[in-house]
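User: Please take me through the terms used for this model, and show in each case how the value meets the definition.

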Amino acid sequence: MSEYRLAEKPTLDVLTALGYRPLSPDAAMAMRGEENRVILKPVLVEALQTLNGISAADAEAIYGELSTLSDNEEWQRKLRGAYSRRLTGEARDRPITLIDFKHPDRNRYHVVRQFRVAAQRARIADIVVFVNGIPLAVIEAKSPLKATARAEEAFEQIKQYERDIPRLFHSNAFNLVTDGMTTLYGATGSPSQFYAPWPHAWPRSRDEFAHDLSKDLWCLMEPSRLLDMLAHFIVFETDPESGRKVKKVCRYQQFRAVNKAVARVAEGKLKKGLIWHTQGSGKSLTMVFLALKLKTHLTLDASTLQNPNILVLTDR
């Protein structure tokens, strides 16, 4: 009960204030149809029709295709717009939009608590965040995170979910753990040592928020920022030694640096810019994120970004 009062309910309250519509477990279950399904079907079908101007039958067919997609990187590509399909009565494939990145208010945002997923080992996630019916973030609420044992328990819960109910993480962007005071986030599949806080609320300041939880969730889950991270600040790398694919999500200093640089380019400023880095701050990844946003700029509509010239120099 203390976890609900101290962490889960405050998190739900902040997310609701940010524009997420809360759904009860029963209401979400009615939309899912079965406990082993994780997409909110009527929400996705309606969003597909609205964003693409397609029929209900075509939207249902797309839902059926997406519900069987299990590769996280492929999900990320499709969410970013690399998805096309032949529709009824048409002779060729056409692009399918799952999320409107340029107009966040055209999407549908939901949050569900105590989200039970049936499997060989059924699990109940504390909080799941959805955009257009697609689960993008899982939040584990524990109290208190500052006690090492409890923090490890929260990370272990996330790992258990990823292992036992993997379908909840097929479309996942990243996960969070919180005790209502401290909030940490990490990419899908990340071990606990790669979870980190988001200490600075650029372009806002800490004193604009009532408490740390509202600041942290605004930084990570405010709809336009969540869409920006999904569009430009998640990458996959292959470990050269193990051959294992590793998913990486930006840190706060990378998000700030990239968005400041892109804003300068979009505004047509010709003066040179300088990003000051410290050792271990992720310089190379910052440049990868910057190139990705300059190239795709999914959240921006600026003529100055139509054909950017990007020159990459490396000393490695």
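**Terms and the values behind them**

Analyst: Strand β7 (residues 174–178) is mostly covered, in that five of its five residues are buried. The model is predicted, so local features need pLDDT of at least 70 and side-chain atom pairs count only at pLDDT 80 or more, whereas totals for chains, interfaces and linings use all residues. Residues are numbered from 1 along each chain as its sequence is written, and side-chain values use heavy atoms, with hydrogens and water left out.

User: Why is glycine 53 called exposed?

Analyst: Its relative accessible area is 63%, and because exposed means over 50%, glycine 53 is exposed. Glycine 53 lies in the loop between α3 (41–52) and α4 (56–66), where helices (H or I, at least four residues) and strands (E, at least two) are DSSP runs, numbered from the N terminus.

User: How do you know that β7 pairs with β6 and with β8?

Analyst: Two strands pair if DSSP finds at least two bridges between them. Strand β6 (residues 134–141) and β7 are joined in the parallel sense over five bridges, and five bridges also join β7 to β8, which run antiparallel; both therefore meet the definition of a pair. Phenylalanine 174 in β7 is the bridge partner of alanine 137, while valine 177 stands opposite leucine 184 in β8.

User: What makes a residue part of the lining of the second largest pocket, and which ones are closest to its centre?

Analyst: On a 1 Å grid over the protein atoms alone, a pocket is an open set of points where a 1.4 Å probe fits, with protein on both sides within 12 Å along at least five of seven lines, and lining residues have an atom within 4 Å of a point. About 530 Å³ of space lies in the second largest pocket. Of its 23 lining residues, Ala187, Ser190, Val246, Lys247 and Lys248 are the closest to its centre. β10 gives the most to this lining, with five residues.

Definitions and conventions:
Buried means under 20% relative accessible area, exposed over 50%, partly exposed in between (1.4 Å probe, protein chains only). Grid points are joined across faces, edges and corners, and a volume is the space filled by probe spheres set on the points.
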